[in-house]
Amino acid sequence: MAVIDVTGLTKRYAGQTVLDGVSFSVEDGEIFGILGPNGTGKTTTVECVEGLRRPDGGSVRVLGLDPVRDGRRLREVIGVQLQHTQLPENIKVWEALDLYASFYARPRDWRELLEQWGLADKRNARFGKLSGGQKQRLFIALALVGGPKVAFLDELTTGLDPQARRATWEVIKQVRDSGVTVVLVSHFMDEVEELCDRVAVFDRGRVVAIDTPTGLIDGVDAEHQMRFTLMTDAVDPAALLGDLPGVSGVTRTGDQVVVTGRGDFATAVTAALARHQLLVADLRIGRRTLDDAFIALTGRPFGDPS
Ligand SMILES: Nc1ncnc2c1ncn2[C@@H]1O[C@H](COP(=O)(O)OP(=O)(O)OP(=O)(O)O)[C@@H](O)[C@H]1O
């Protein structure tokens, strides 16, 4: 069942088109990623879905509600972690949760959330004294205190160190596993690849693809490389491997061989090596990533605004 349906969404700022016919739907219980470089309309889209901005055209439904017409009812069933959520430095953790809980008719017990998000011993700590990871966990707890069916998390791990990012990812998986649908706005490829069940890739105010991260990567016919150490000088790897299906180049430097190709060329290469009983070591196959998918979809690297 779709909990969010967006069809043909358009938005202009001062005559400039920022969203140009954006369509996607989010299924119940998934982590749905909204991925794109800066300025491609991700936040604007999510704010239209949350009822914080009025679209110029198209249709948005969240749990059957129209965010513009039914804003009040919508806010009871969604949880929003704003991009630049700021709390007063001096507010205590429990006070922030208590305050946010007061916005809802049927809030969750925030004491439970403190336990759940590992903040119980920080209950009386002031916001300004929390670490980056603790602040993010508090923001997630605040987004969940109303007991939402859908949580919107925007640029959640910006500025966190690798360990705190990983910890935050685990927390987001727990949110999904507790039955809350999660919409995750991100411009981090690794985050989206790790967390999202499906992803909408945004570029210049449009959705250029929607798929699972693996589906997006598998759809790319980009060249990639395999490297290995060849344990013999008796064969010429270019002669042996150069004509195999998908292989576009073979270079040898000393005992190091690099084979470049497309599709499933690596299987053909390893089969040929085995057939000729050639011993290789340190075999590495370059993994295609969402970066490759983005280049294939848009014709330019992620983050290149040109
Ligand atoms: N209130 C506004 N008035 C005018 N232009 C705006 C406004 N808000 C956003 N924009 C412009 O709309 C475009 C899309 O912005 P938006 O914040 O939706 O992109 P984004 O993909 O979320 O980017 P980021 O990752 O940097 O948050 C940008 O060019 C931005 O400058």
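Is Leu63 buried, exposed or partly exposed, and how many other C-beta atoms lie within 10 Å? Leu63 is partly exposed, with 18 other C-beta atoms within 10 Å. A residue counts as buried if 20 or more other C-beta atoms lie within 10 Å of its own, as exposed if 12 or fewer do, and as partly exposed in between, the C-beta atoms being placed from the backbone. The legends below concern a predicted model, in which local features need pLDDT of at least 70 and side-chain atom pairs count only at pLDDT 80 or more, while totals for chains, interfaces and linings use all residues. Residues are numbered from 1 along each chain as its sequence is written.

Figure 1. Taken along the principal axes, the C-alpha atoms fill a box of roughly 75 × 50 × 35 Å. The protein chain has 11 helices and 13 strands; helices (H or I, at least four residues) and strands (E, at least two) are DSSP runs, numbered from the N terminus. Of the 306 residues, 35% count as buried.

**Figure 2. The largest nonpolar core, with Ala141 and Leu184.** A nonpolar core is a set of buried Ala, Val, Leu, Ile, Met, Phe, Trp, Tyr and Cys residues joined through C-beta atoms within 7 Å. The largest such core has 62 residues, and Ala141 and Leu184 are those with the most contacts inside it. Helix α5 (residues 132–144) supplies the largest share of this core, seven residues. Apart from this core lies another, of 10 residues, among them Met226, Phe228, Val250 and Val259. When residues up to four places away in sequence are not counted, Ala141 touches Leu97, Leu113, Trp117 and Leu119; two residues are in contact if their C-beta atoms, placed from the backbone, lie within 7 Å. In soluble globular proteins, nonpolar side chains tend to be buried together.

**Figure 3. Packing of helix α5 with helix α6.** The axes of α5 and α6 (residues 162–177) come within 9 Å and cross at roughly 15 degrees. Axes are lines fitted to C-alpha atoms, for helices over the stretch in contact, and angles run from 0 to 180 degrees between N-to-C directions. The two helices, α5 and α6, are therefore roughly parallel to each other. Angles under 35 degrees count as roughly parallel, over 145 as roughly antiparallel, 65 to 115 as roughly perpendicular and the rest as oblique. The crossing of α5 and α6 is right-handed, that is, the near helix is turned clockwise from the far one by less than a right angle. On the α5 side the contact involves Gly132, Gly133, Gln136, Arg137, Ile140 and Leu144, and on the α6 side Ala164, Ala167, Thr168, Val171 and Val175.

**Figure 4. Packing of helix α3 with helix α5.** Helix α3 (residues 93–101) packs against α5 at an angle of about 25 degrees, and their axes are 9 Å apart. This angle makes α3 roughly parallel to α5. The crossing of α3 and α5 is right-handed. Val93, Ala96, Leu97 and Tyr100 of α3 meet Leu138, Ala141 and Leu142 of α5.

**Figure 5. Loop residues Ala14 and Leu63.** Ala14 lies in the loop between β1 (2–13) and β2 (16–27). Although Ala14 is not a glycine, its phi is positive, about 45 degrees. Ala14 is exposed, with 5 other C-beta atoms within 10 Å. Leu63 is found in the loop between β4 (57–62) and α2 (71–77), and has a positive phi of about 50 degrees although it is not a glycine.

Figure 6. Just after α11, Gly299 takes a positive phi of about 85 degrees.

**Figure 7. Leu283 in strand β13.** Leu283 lies in β13 (residues 280–285) and is partly exposed, with 14 other C-beta atoms within 10 Å. Leaving aside neighbours within four places in sequence, Leu283 is in contact with Met226 and Phe228.
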